[in-house]
Amino acid sequence: MEARQRERGGALLGYAMLVCGQRPAAEDLVQDALVKLASRWESVREGSPDAYVRRILYRDAVSRWRKWG
């Protein structure tokens with residue numbers, strides 16, 4: 001199970017890097033997205049949690065761009 005979690009975490013970090021371009025910002029995005037996932041876990045777990053997290057990552061990145069842009 002741990003190997004699968006590390007694999008998923010690496011994939012999410014890679015996606016976040018594509019979205020924001022900087023590793024520290026990507027790590028923050030992933031951490032924030034996982035906190036949001038945890039708060040909605042009961043409603044998301046039967047569907048596609050990975051897709052839910054990727055959507056959060058994208059939306060949060062866009063929000064940061066708008067805030068700083």
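Which exposed residues does the face of helix 2 turned away from its buried side carry? That face carries Pro24, Gln31, Val35, Ala38 and Ser39, where exposed means over 50% relative accessible area, buried under 20% and partly exposed in between, computed with a 1.4 Å probe on protein chains only.

This is a predicted model, in which local features need pLDDT of at least 70 and side-chain atom pairs count only at pLDDT 80 or more, while totals for chains, interfaces and linings use all residues. Residues are numbered from 1 along each chain as its sequence is written, and side-chain values use heavy atoms, with hydrogens and water left out. The mean pLDDT of the protein chain, pLDDT being the predictor's confidence in each residue from 0 to 100, is 88, and 94% of the residues reach 70 or more. Confidence is lowest in helix 1 (residues 2–20), with a mean of 84, and highest in helix 2, with 93; helices here are DSSP runs (H or I, at least four residues), numbered from the N terminus.

Helix 2 (residues 23–39) has 17 residues and reaches 25 Å from its first C-alpha to its last, close to the 24 Å expected at 1.5 Å a residue, the expected span being 1.5 Å times one less than the number of residues. Within helix 2, the residues Ala26, Leu29, Val30, Ala33 and Leu37 are buried. They cover an arc of only 100 degrees around the axis, which puts them on the same side of helix 2; the arc is that of the directions from the helix axis to the C-beta atoms.

Leaving aside neighbours within four places in sequence, valine 53 is in contact (heavy atoms within 4.5 Å) with Leu12, Ala33, Leu34 and Leu37.

Valine 19 lies in helix 1 and counts as buried, at 13% relative accessibility. With residues up to four places away in sequence not counted, valine 19 touches Leu57, Tyr58, Ala61 and Trp65. Valine 19 and alanine 61 are 42 residues apart in sequence, yet 6.8 Å apart in space, C-alpha to C-alpha.

**Salt bridges**

The structure holds five salt bridges, each a side-chain nitrogen of Lys or Arg within 4 Å of a carboxyl oxygen of Asp or Glu. Three of these pairs are listed below.

| Aspartate 32 | Arginine 64 | 3.0 Å |

Because aspartate 32 lies in helix 2 and arginine 64 in helix 4, their pair ties together parts that are 32 residues apart in sequence. Aspartate 32 is partly exposed, with a relative accessible area of 33%, and arginine 64 is also partly exposed, at 29%.

Aspartate 60 lies in helix 4 and lysine 36 in helix 2, so this pair ties together parts that are 24 residues apart in sequence. Aspartate 60 counts as buried at 16% relative accessibility, whereas lysine 36 counts as partly exposed at 36%. Apart from residues up to four places away in sequence, aspartate 60 touches Leu29 and Lys36.

Glutamate 42 is exposed, with a relative accessible area of 60%, while arginine 45 is partly exposed at 41%. Salt bridges that share partners join Glu42, Arg45 and Glu46 into one network.

Note on methods
Helix = DSSP H or I, 4+ residues; strand = E, 2+ residues; numbered from the N terminus.
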